[in-house]
Amino acid sequence: MALINLRDVVVSFGGPALLNGLNLQIDTGERVCLVGRNGAGKSTLMKVLAGTITPDDGQIEHKQGLLVTRLKQEVPHDTTGSVYDVVADGLGKQGEMLSRYHHASQKVATDYNDATMAELERAQHALEACDGWDASQRVDTMISRLELPADDEFSSLSGGMKRRVLLAQALVLDPDLLLLDEPTNHLDIEAINWMEEFLLNYRATLLFVTHDRMLLQHLATRIIDLDRGRLTSWPGDYSTYLTRKEAALEAEEGANALFDKKLAEEEKWIRKGIKARRTRNEGRVRALKALRQEHSERRNRVGTANIKTQTIEASGKIAIELEDICQHYGDKNILENFSATILRGDKIGIIGPNGAGKSTLLKILLGKLEPQQGSVKLGTKLEIAYFDQHRAQLDAEKTVIENIGDGSDEIIINGQPRHVISYMQDFLFSPERARTPVKALSGGERNRLLLAKLFTKPANMLVMDEPTNDLDVETLELLEELLIEYKGTLLLVSHDRAFINNVVTNCLVFEGDGQVNSYVGGYDDWLRQRKQADDKSAPVKTGKPKPSNQTSATKKLSYNDQREFDALPEKIESLDTEMEQVQQALSDPELYQKDAHKVAALNARSNAIEAELTQCYERWEALGD
């Protein structure tokens with residue numbers, strides 16, 4: 001069943017339309033990923049779907065009573081109150097009354113008197129007046145399901161936990177369509193894995209924007225591509241989309257080349273003069289005018305970024321050597337007897353939760369922070385370029401040109417002078433955009449500017465702290481290719497799992513209590529090696545055991561209970577098999593195009609199986625204890 005249908009929607013803010021005659025249908029149960037370059041109009045489309053932007057033209061049809069909620073890309077700076085308050089705020093007026101009742105209840109529990117009881121009664125009456133008891137259960141359920149600390153102050157939480165709270169706020173209304181704008185931005189790997197797992201199991205209809213290719217590959221049942229104001233739909237996963245998109249672009253280039261050849265021939269003919277003005281050739285003249293009009297309206301694809309590093313003399317064989325490094329902040333143990341040798345050409349990925357100490361380790365590696373214990377030796381002929389995730393190297397008040405040229409119109413690239421405007425076009429900044437103040441740029445544009453600034457400096461060691469945030473996938477993949485081919489040494493802090501897999505040769509992983517361990521390979525290699533180590537150290541399997549029909553030797557069951565207990569393993573096995581079949585059916589993208597009613601039925605059956613499995617496991621545990 002179609003939740004929402006956009007027909008010939010047009011949105012323009014001056015200049016070429018961001019959305020130009022756009023058509024889109026989203027069906028119940030789909031998980032749709034919206035892809036496109038920075039500035040293509042993805043956020044605008046999400047605002048149209050959320051109802052916060054009215055199109056200039058076109059129609060929007062939606063299911064009666066459609067409820068849409070949106071998780072924005074950035075955490076609002078003005079959000080205050082407890083976690084309970086923030087989640088309840090998603091319910092509007094009901095949430096306001098609910099928070100008042102919640103705080104009054106807490107006050108009575110800690111300071112019981114006539115005044116606090118009177119306030120509790122007033123809050124209770126106000127909540128009943130707006131039918132708030134059902135809302136109370138929904139808030140409690142969402143806080144429990146997302147494992148949130150209800151009474152903690154929102155401002156005191158980590159970035160990952162804040163986004164989890166805001167997700168609960170978006171979900172508490174039980175929306176028909178959930179819009180997610182870069183849901184994993186600035187999250188650490190643990191939080192990203194949690195988000196991915198939750199969304200896979202939530203059974204909601206999603207439309208999301210992400211630069212995380214692993215999340216995209218695992219989560220999306222369909223990909224929609226916004227390119228030059230037009231939207232195309234690509235059923236299937238990300239790898240299928242890439243193959244088909246490349247073929248479509250090649251076909252487009254071929255068609256444009258034939259069109260341009262025909263136009264050139266007609267222009268040559270019209271210049272012959274008198275023959276073109278004969279009455280019998282007026283139709284050909286009109287056709288030429290139509291060709292000219294079509295050519296003037298054609299929006300050619302913007303070129304790809306041209307990212308290159310500068311050549312420089314190689315550093316010494318040993319780039320950095322650390323021995324018995326210890327670093328503590330109060331009671332927090334950041335590094336404990338950490339030793340490592342980084343050789344020229346190594347590409348090191350640094351992985352760990354937010355706040356674990358990755359930035360501290362970088363500062364120690366670069367000699368910017370003296371460790372409390374141990375020694376750091378930097379190699380010879382080392383020239384370092386540093387990419388700062390907080391973009392502190394950019395002056396927000398200056399223009400793009402001023403940030404790159406430092407007052408000069410020319411910069412030196414590989415020993416040759418080059419105009420700043422020409423250099424910035426390699427990073428997809430038009431001359432007009434290059435004269436724009438940095439404070440007016442999007443997050444993706446600022447990251448591209450920082451990359452441009454980074455590569456103006458010759459370096460044989462790159463230190464990059466979260467370089468992939470806010471980049472569109474195409475620019476991210478170009479950066480990835482450059483780093484793979486880079487001959488110098490690379491230190492990379494990133495939470496992008498696919499990026500780590502494709503770029504690094506070794507990982508340094510923060511694994512708690514000051515322990516930083518080294519693993520060969522990328523993210524998936526780390527997971528595999530860690531699992532092998534865990535299996536060796538824990539011969540007894542952990543986790544939920546599969547039921548068997550052996551009861552405890554000390555417990556005697558009744559005849560009926562014993563029969564029920566003996567039948568449970570087979571029943572659970574059957575339910576597990578059916579669940580796998582249902583999940584396999586739901587993962588088929590064609591299902592959402594052909595039979596929306598079947599999608600709803602399969603989702604309902606999946607929920608029923610899950611509930612039945614829970615009951616079976618609980619019963620098996622009760623009888624077996």
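Biologist: Let's zoom in on E182: is E182 buried or exposed?

Modeller: Keep in mind that this is a predicted model. E182 is buried, because its relative accessible area is 8%, and the cut-off for buried is under 20%. As for where to find E182, look in the loop between β6 (177-181) and α7 (189-202). The backbone there is worth a glance too: phi of E182 is near 50 degrees, a positive value in a residue that isn't glycine.

R228 sits in the loop between β8 (222-227) and β9 (230-235). With a relative accessibility of 17%, R228 counts as buried, because the limit is under 20%.

Now back to the E182 loop, and follow the chain out of it into α7. That helix has a neighbour, α6 (residues 159-171), and the two axes come within 12 Å of each other, crossing at roughly 15 degrees. Angles under 35 degrees count as roughly parallel, so α6 and α7 are roughly parallel to each other. The crossing of α6 past α7 is right-handed. On the α6 side, the contact is made by R164, L167 and L171, while α7 brings W194, M195, F198 and Y202.

Strand β1 (residues 2-11) runs antiparallel to strand β2 (residues 19-27), and 6 bridges join them. One of the pairings to click on is A2, whose bridge partner in β2 is D27. β1 also pairs with strand β4 (residues 57-62), again in the antiparallel sense, over 5 bridges. Here I4 has H62 of β4 as its bridge partner.

Zooming all the way out, the protein has 625 residues, and 46% of them count as buried; E182 and R228 are both buried. The secondary structure comes to 21 helices and 20 strands. If you take contacts between residues at least 6 apart in sequence, 67% of them join residues at least 24 apart.

Terms used:
Residues numbered from 1 in each chain as written. Predicted model: local features only at pLDDT ≥ 70, side-chain atom pairs only at ≥ 80, totals over all residues. Heavy atoms only, no water. Pairing = 2+ DSSP bridges. Helix = DSSP H or I, 4+ residues; strand = E, 2+ residues; numbered from the N terminus. Buried < 20%, exposed > 50% of the residue type's maximum accessible area, 1.4 Å probe, protein only. Contact = heavy atoms within 4.5 Å. Axes fitted to C-alpha atoms, helices over the stretch in contact; angles between N-to-C directions. Parallel < 35°, antiparallel > 145°, perpendicular 65-115°, else oblique. Left-handed = near helix turned anticlockwise from the far one by under 90°.
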